[in-house]
Amino acid sequence: SETVWVFWLQRFTRLEPALIACIAITLIVVAALVLPGREVSSLDGLINTSWVTLFVQTPLVDGASWSLLAEAKFYFVFGLIFYLWPNRVLVLFTSFTVLGAIAYFPGLWRDHQALIFPFKGIAMPYFLFPYSLFFLMGIAARRSTRTVQTVVTAACLMVVVKLWGGSAFSDWVIALSIVGVIGVQLRDIKIWRSVSYIGLISYPLYLLHQNV
């Protein structure tokens with residue numbers, strides 16, 4: 001994209017049509033099947049489509065939408081970083097992630113009610129931590145030398161172990177992170193059309209998976 005405004009517009013037009021369709025489908029299905037505890041009003045559905053949920057605590061039509069709100073914040077933050085300082089993207093996003101870690105581990109302002117996104121604290125609502133670790137690994141894999149990629153990936157995975165210990169969950173996170181880093185590096189690999197199709201439909205399927 002030539003400008004950050006075009007970048008934001010392209011991201012919005014990629015997300016919004018499927019979001020509207022999936023919200024409508026979910027409202028209809030939940031009402032028709034009478035799923036206890038999952039009903040939301042049509043007004044809440046309309047608010048969900050407008051992204052006001054980033055600033056106002058409104059029931060989500062599908063609980064999976066929480067990550068969509070984090071994605072929107074990432075596009076805003078990373079868009080600014082990339083277009084204001086394109087030659088320092090990795091350094092700046094590393095600093096952004098480190099600030100999140102500094103806030104997360106000591107529990108700074110743990111009870112702070114975030115002004116954006118309905119979570120308390122400052123690490124997740126403002127710095128996307130710990131999810132920023134995975135964005136950081138991808139950025140390093142795309143825009144740095146093999147040595148830097150290795151150092152950044154190793155450092156992020158060490159933090160993953162500290163976060164989730166030696167659990168099966170952390171093992172899966174580490175394995176998928178490594179596969180993801182390798183995948184980002186394989187820019188010219190040919191992907192089967194059926195796999196590409198699954199990738200294209202995975203976003204609306206994700207938006208439907210928790211209720212429908």
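Reader: What radius of gyration would a compact globule with 212 residues have, and what does the protein have?

Author: Before the numbers, please keep in mind that this is a predicted model. A compact globule with 212 residues would have a radius of gyration near 17 Å, and the protein has 19 Å, which agrees. Taken along the principal axes, its C-alpha atoms fill a box of roughly 55 × 45 × 40 Å.

Reader: OK, and how many helices and strands are there?

Author: The protein has 9 helices and 0 strands, and reading along the sequence therefore gives the pattern α-α-α-α-α-α-α-α-α.

Reader: What share of the residues is buried?

Author: Of the 212 residues, 37% are buried.

Reader: I keep seeing rings. How many aromatic pairs are there?

Author: The count comes to 19 aromatic pairs. One of them joins phenylalanine 78 and phenylalanine 82, whose rings are 6.1 Å apart centre to centre with 35 degrees between the planes, and this pair is classed as tilted.

Reader: Where do those two sit relative to each other in helix α3?

Author: Helix α3 covers residues 65-84, and because phenylalanine 78 and phenylalanine 82 are 4 residues apart in it, they are separated by about one helical turn.

Reader: Is phenylalanine 78 buried or exposed?

Author: Phenylalanine 78 has a relative accessible area of 15%, so it counts as buried, the cut-off being under 20%. Phenylalanine 82, at 25% relative accessibility, counts as partly exposed.

Reader: What about the rings of tyrosine 104 and phenylalanine 105, what kind of pair are they?

Author: Their centres are 5.2 Å apart and their planes are at 85 degrees, so the pair is edge-to-face. Tyrosine 104 is partly exposed at 36% relative accessibility, and phenylalanine 105 is partly exposed as well, at 35%.

Reader: Which residues form the aromatic cluster?

Author: One aromatic cluster is formed by Phe7, Phe74, Tyr75, Phe78, Phe82, Tyr83, Phe93, Phe96, Phe127 and Phe135, which means that the tilted pair of phenylalanine 78 and phenylalanine 82 belongs to it.

Reader: Last one, which residues is arginine 143 in contact with, leaving aside neighbours within four places?

Author: Arginine 143 is in contact with Phe82, Pro86, Val89 and Arg187. Arginine 143 is found in helix α6, residues 132-143, and counts as partly exposed at 42% relative accessibility.

Reader: And how far is arginine 143 from isoleucine 116, in sequence and in space?

Author: They are 27 residues apart in sequence and 30 Å apart in space, C-alpha to C-alpha.

Key
Residues are numbered from 1 along each chain as its sequence is written. This is a predicted model: local features need pLDDT of at least 70, side-chain atom pairs count only at pLDDT 80 or more; totals for chains, interfaces and linings use all residues. Side-chain values use heavy atoms; hydrogens and water are left out. The radius of gyration is taken over C-alpha atoms; the globule rule is 2.2 Å times the number of residues to the power 0.38. Buried means under 20% relative accessible area, exposed over 50%, partly exposed in between (1.4 Å probe, protein chains only). Rings of Phe, Tyr and Trp (its six-membered ring) pair if their centres lie within 6.5 Å; planes under 30 degrees apart count as stacked, over 60 as edge-to-face and the rest as tilted. Contact means heavy atoms within 4.5 Å.
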